[in-house]
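Here is a short report on one structure. Have the sequence and the 3D view ready as you read.

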Amino acid sequence: MTTATVIPEAERGQVTQLRVIHSEWIKLRSLRSTLFTLLAAVVAMVGLGFLFSYFTADRWSHLPPEERLNFDPTLVSLRGFYLAQLAVGVLGVLVITGEYATGMIRASLSAVPRRLPVLWAKALVFGAVAWALMTLASLTAFLVGQAALSGHHLGTSLSAPGVLRAVLGAGLYLTVVGLLGVAFGALIRNTAGGIATVFGVLLVLPVLAEALPSSWFDAIDKYLPSTAGQGLIHIHQQPHTLAPWTGFTMFCLYALVALAGAAVALKRRDA
Amino acid sequence: MIEAHSLTKRYGERTAVEDLSFTVRPGSVTGFLGPNGAGKSTTMRMLLGLDAPTSGRAVVNGKSYAEHRAPLHEVGAMLEARSIHTGRSAHNHLLALAATHGISARRVNEVIDLVGLRAVAKKRVGGFSLGMGQRLGIASALLGDPATVILDEPVNGLDPEGILWIRNLLKGLASEGRTVLVSSHLMSEMALTAEHLIVIGRGRLIADTSVTEFIAQAAGDVVRVRTDEAEKLRGLLAGPDVSIASQEPGVLSVTGLTSDRIGRIAADHGVALAELTPQQASLEEAFMELTRDAVEYQAPAAQLVTAGGEGRAA
């Protein structure tokens, strides 16, 4: 018995960040769950965008004048982001917790004992894939939605002020939701716990804030991650919110802090 | 080469490994033996830098594991259970690990062939039997053609053919000059595979010895003698360091004399022997004897026997 041919000295490479990124790309594309979840996000984005647009156009004559006045055709066609963020957030968590649940993390960290390159690579690869797909989905949802609205002459175009920002913004927002998922997945190392935390932060916090007296709510709500991040998707800035890019920067900072916490935890804890 | 220097690992109040020092040398298979819960897996995780020791240091091929820039080329490991994502195919699993070191797809195919998983390489690991999982774990360990190989319970779940395969594989790896550390809770398996033994119990070193020595000690110098003149021989053999027992007529169990010596004495006095056999206590018994006080979990029945005394062993 022999270990067959051995690897020549010349072919023995070191671990580099680029190689770890390549490894994470193989991992991401070789799981069926990745494919299905991303597909679900795209379907949610495009499908809901069309439905919201179609039914809004259909009910237009029955809408109260106030709603017609504040009508944001871009936002209506991008409404699917609300559901898509669930899929992207869950997948972000799974990118990490899937490895803890199966024990794969021990193989990953044995191959890359400095550990942090694994976290950076996961965030980068997943972030890039989520961004590309969600931006594409957002653009498609917008075009499909506007087509549905145009029958009633309610549509808008990418060249209208703020529209491009909103369409690209939906892709960016969803990307950062995914990164929050990665960070919380690495911090909590458990799928259910990670998912609960991500959506606790994104969906439950704003609801809890509503229980506060309205002056407090107005003061606090704009700093909540979801409100700050979603400003980018609204054409008209909502009252008591941060400017779109300011809010999004804030949202990114939250994600960066969470990733930094994840890095410290990954480096310190036993695998 | 693997060196453990006073390795200690505590989880809160519980001490999993305490002041454990040993050296594993290249060129032979070293068995890492201990009852379940003795700290074997914890020790192996510390060797691989997955768990940080509370105190002490683990060195592999001259450096602590995390200091290696190409760890898969230095140390190949298969840890307890499987460390494999069940949703991925064997081929993609190995490909992803290989990518971290820029190891070629050709090498991935090589190790797949080596462990005999060619036919199922593209299937999801979730559907693998325990034995196939073990083979994939071994493929991952050998991927980087490492100088040191660490395998945790590799024969678990393998069929007889697989066990034979792994025995030969381990011996082959050692004969190529690699350092091979293999854990097991089965003494009999280690006796067939390993040349050196490191035995631990409740996180402490119990024995660091060669298998031959271990067997010699375990044998306990009992010699079975059968003769028609048992009573005459008993008188001839008696001495200060000799004890003689007899469970059946005409058969003596002699402790304290070698079979050579007994044969000589019998011949000198014209006693005809029908049988003269050095008895080897079974290795499993010797191992259990050695680790009896160090077993973490015992069945309730075993505790009842010792009930009047110290109670639960742990």
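Helices (H or I, at least four residues) and strands (E, at least two) are DSSP runs, numbered from the N terminus. Residues are numbered from 1 along each chain as its sequence is written, while chains are lettered from A and ligands numbered from 1 in the order in which they are written. This is a predicted model, in which local features need pLDDT of at least 70, side-chain atom pairs count only at pLDDT 80 or more, and totals for chains, interfaces and linings use all residues.

Most residues other than glycine have a negative phi. Burial is counted from C-beta atoms placed from the backbone: a residue is buried with 20 or more others within 10 Å of its own, exposed with 12 or fewer, and partly exposed in between.

**A buried isoleucine**

Ile262(B) sits in helix α10 (residues 259-268) of chain B. Is Ile262(B) buried or exposed? Ile262(B) is buried, because 22 other C-beta atoms lie within 10 Å. Contact between two residues means C-beta atoms, placed from the backbone, within 7 Å. Leaving out residues up to four places away in sequence, Ile262(B) touches Val223(B), Val225(B), Leu237(B), Val254(B), Leu257(B) and Leu276(B). Arg106(B) is 156 residues from Ile262(B) along the chain, and their C-alpha atoms are separated by 62 Å.

**Where the chains meet**

Chain B brings 43 residues to the contact and chain A brings 37 residues. On the chain B side, α3(B) gives the most, with five residues. By class, that side has 20 nonpolar, 15 polar and eight charged residues. Here Ala, Val, Leu, Ile, Met, Phe, Trp, Tyr, Cys and Pro count as nonpolar, Asp, Glu, Lys and Arg as charged, and the others, Gly among them, as polar.

**A helix pair in chain A**

Helix α5 (residues 81-102) and helix α8 (residues 163-188) of chain A have axes that come within 7 Å and cross at roughly 35 degrees. Axes are lines fitted to C-alpha atoms, for helices over the stretch in contact, and angles run from 0 to 180 degrees between N-to-C directions. The contact of α5(A) with α8(A) has 17 nonpolar, seven polar and no charged residues.
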